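Take a look at the model below. Keep the sequence at hand while you read.

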Protein chains: 2
Amino acid sequence: MTTASLNTVPFVSVDNMMKLVLKIGIEPFLKGLADTIEADFRRWPQFDKRERVPCHSAEGVIELMPTSDGDLYGFKYVNGHPKNMKEGRQTVTGFGVLADVHTGYPMLFSEMTLLTALRTAATSAVAAKYLARKDASVMAIIGNGAQSEFQAMAFKALLGIKRLRLYDLDAAATEKCRRNLSAFGFEIVACKTAEEAVEGADIITTVTADKRQNTILSDNMAGPGVHINAVGGDSPGKTELARDILLRSDIFVEYPPQTRIEGEIQQLAPDYPVTELWQVINGEAEGRRDDRRITLFDSVGFATEDFSALRFVHSLLKETGLYQDLDLVADPDEPRDLFGMLIRAEAAQKAA
Amino acid sequence: MTTASLNTVPFVSVDNMMKLVLKIGIEPFLKGLADTIEADFRRWPQFDKRERVPCHSAEGVIELMPTSDGDLYGFKYVNGHPKNMKEGRQTVTGFGVLADVHTGYPMLFSEMTLLTALRTAATSAVAAKYLARKDASVMAIIGNGAQSEFQAMAFKALLGIKRLRLYDLDAAATEKCRRNLSAFGFEIVACKTAEEAVEGADIITTVTADKRQNTILSDNMAGPGVHINAVGGDSPGKTELARDILLRSDIFVEYPPQTRIEGEIQQLAPDYPVTELWQVINGEAEGRRDDRRITLFDSVGFATEDFSALRFVHSLLKETGLYQDLDLVADPDEPRDLFGMLIRAEAAQKAA
């Protein structure tokens, strides 16, 4: 436990999360996060896994994503509201909690808007480390919104990718992405079409925000040997790839019951063969078979990745001190005397 | 919204929750809470309902309890670890969040250890208002732990019950309960046996903590016309009443799919007839049929009650100011520019 007191829980605000990432360094933070995600994928069978618990409305969705490894429990609250952007709000925001399974007491409460962006990128890079060609050096990023720079940074940190080809329907988004990445040693080409972006790319990252079925990548755009990192298709009815590409690819997923509902493979039969990423990571399944195959990581985000992210942040609290203590858990002197705590607070108020 | 800023969320700590309850007054707070719970039971069909989402371990359980009325979304995190008491920790602790369904943004983050104790008692009193005899004046409380005083205060606030008969296996718990309630105008009899406690009682509240199947009330202890408020039987394998009492009672429950797993009625066939409390409250079903029947409220606690509690607390924030603002939601100037927010924070740090 980070804190000695029974009643307080460390809280990492947005401000402290930014300070934490900058103190560790963006790339080292992404590397440490990726290592934790990879370590947890390696012990996948230990986790209590289930699909997200959603609350759908006309405007979006609110989801709870719980999981546990038997010692620690974590969950994330996350929303997805595409119309938020027009109102100056984030499409996706989140926060999460890490708790001790043995006492049920929370150990960490953290913002997870930034942390989700970081863990999504780190997970993509972990998958690509196992699935992309070893000589991959050029990445196309189609969709240059809030997630795009994090993807670029994670692929640089883990795979050394420095050559980027950017495309977005909105040229201003591409310009924002190019500008934000300019200080990090990338060689960046801003493209006028998605077709231009994928020219010569070894890795294609699709990360658009549109909540409909869409064809960001048509069949002719995926050449032999490419690795597709499909991040944007992540809810029922929202896909980015032409179905024909899926049929030509070796498909890798996080948690099949969830991906079949939310991922690109919702376009395929419910029993279409896919490989689970954790099996590739711990050597139980083959990843890339040869340099001519198309590999596809159908990323939708899974609870264990948030668990890993919370675990990683928790491990940094003591050395950095970048948190506040929240008075979250009632702590009467005698556990059965909750009411006594209340009336003694009144007596103390009157005495003061 | 309580706060004008997009990125902050009001947080009610344990300390502020105590101040809030004491500022409003314990009984008026319980009344206001009960009114909100009752109002939400009355519009029960509007709610998105599901069983709790549990994570079981050898030592206890961690649960998420989400619900929504289509405009607001709420969830509670709650644990139950009976062995915690020996280690100086609470058996049950909790916290919760209220959010806006239309944006997915959280509106309130609150402690819910105290608030759960209050809402459980308020719900029991709401049920008894509809189910106990109108002339009920004496309540037995069997089990004098953390929940007992809250039950007493809620029954006084809503039904005017002032005569209490207390019993606990541990006489020190009874003495603690008697002492804590001494300033509130009750007439209290400390009893040596459960049989003695139920003598002449119009309402019997059972609220013991043992996590096994138990018989706190044997068949001969439930006389005609009594209302049984069974609070302690609230998880699989944990019951308090002799099965024969159930067979002689009219049984009222919150959400049948959950109560059949967790409540006293886990002792009965899965299709045994029970009445839903919300139907009694909004006039769709009969409550007490006559002064000779035994009525039984098989309370396990349901997500809508926590939702009501969060809604009630949220309604008090503005007038009391008893909260802190947490920097929980990332708020970049341009929603798509989350990464830019991060690197500008670095530039600001260097400039400072």
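The paragraphs below go from the symmetry to the interface, then to the sheet and the salt bridges.

This is a predicted model. Begin with how the copies relate. Rotate chain A by 180 degrees, with 0.0 Å of shift along the axis, and it superposes on chain B.

Now turn to the interface itself. Chain A brings 79 residues to the contact, and chain B brings 79 residues as well. Between chain A and chain B, about 7300 Å² of area is buried. Carbon and sulfur atoms give 69% of that area. Which three residues supply more of the area that chain A buries against chain B than any other three? They are A:R336, A:F339 and A:L342, with 11%.

Next come the polar terms. Salt bridges across the interface of chain A and chain B number 2. Look for B:R336 and A:D170, whose side chains meet in a salt bridge at 3.1 Å, N to O. Residue pairs in polar contact between chain A and chain B come to 28, counting pairs with both residues at pLDDT 80 or more. On the side of chain A that touches chain B, helix 11 (residues 338-351) of chain A gives the most, with 9 residues. Sorted by class, that side of chain A has 43 nonpolar, 18 polar and 18 charged residues.

Inspect one pairing in detail. Strand 14 (residues 249-253) and strand 16 (residues 294-298) of chain A pair in the parallel sense over 4 bridges. A:S249 has A:I294 in strand 16 of chain A as its bridge partner.

Finish with the salt bridges of the whole model. Over all chains, the count is 49 salt bridges. One of them joins A:D306 and A:K76, with the closest N and O atoms 2.9 Å apart. A:D306 lies in helix 10 (residues 303-320) of chain A and A:K76 in strand 4 (residues 72-80) of chain A, so this pair ties together parts that are 230 residues apart in sequence.

Note on methods. Residues numbered from 1 in each chain as written. Chains lettered and ligands numbered in written order. Predicted model: local features only at pLDDT ≥ 70, side-chain atom pairs only at ≥ 80, totals over all residues. Heavy atoms only, no water. Least-squares fit on C-alpha atoms with pLDDT ≥ 70 in both. Contact = heavy atoms within 4.5 Å. Buried area = accessible area lost by both parts, 1.4 Å probe. Salt bridge = Lys/Arg side-chain N within 4 Å of Asp/Glu carboxyl O. Polar contact = N/O pair within 3.5 Å; in protein donor to acceptor, adjacent residues only side chain to side chain. Helix = DSSP H or I, 4+ residues; strand = E, 2+ residues; numbered from the N terminus. Nonpolar A, V, L, I, M, F, W, Y, C, P; charged D, E, K, R; others polar. Pairing = 2+ DSSP bridges.
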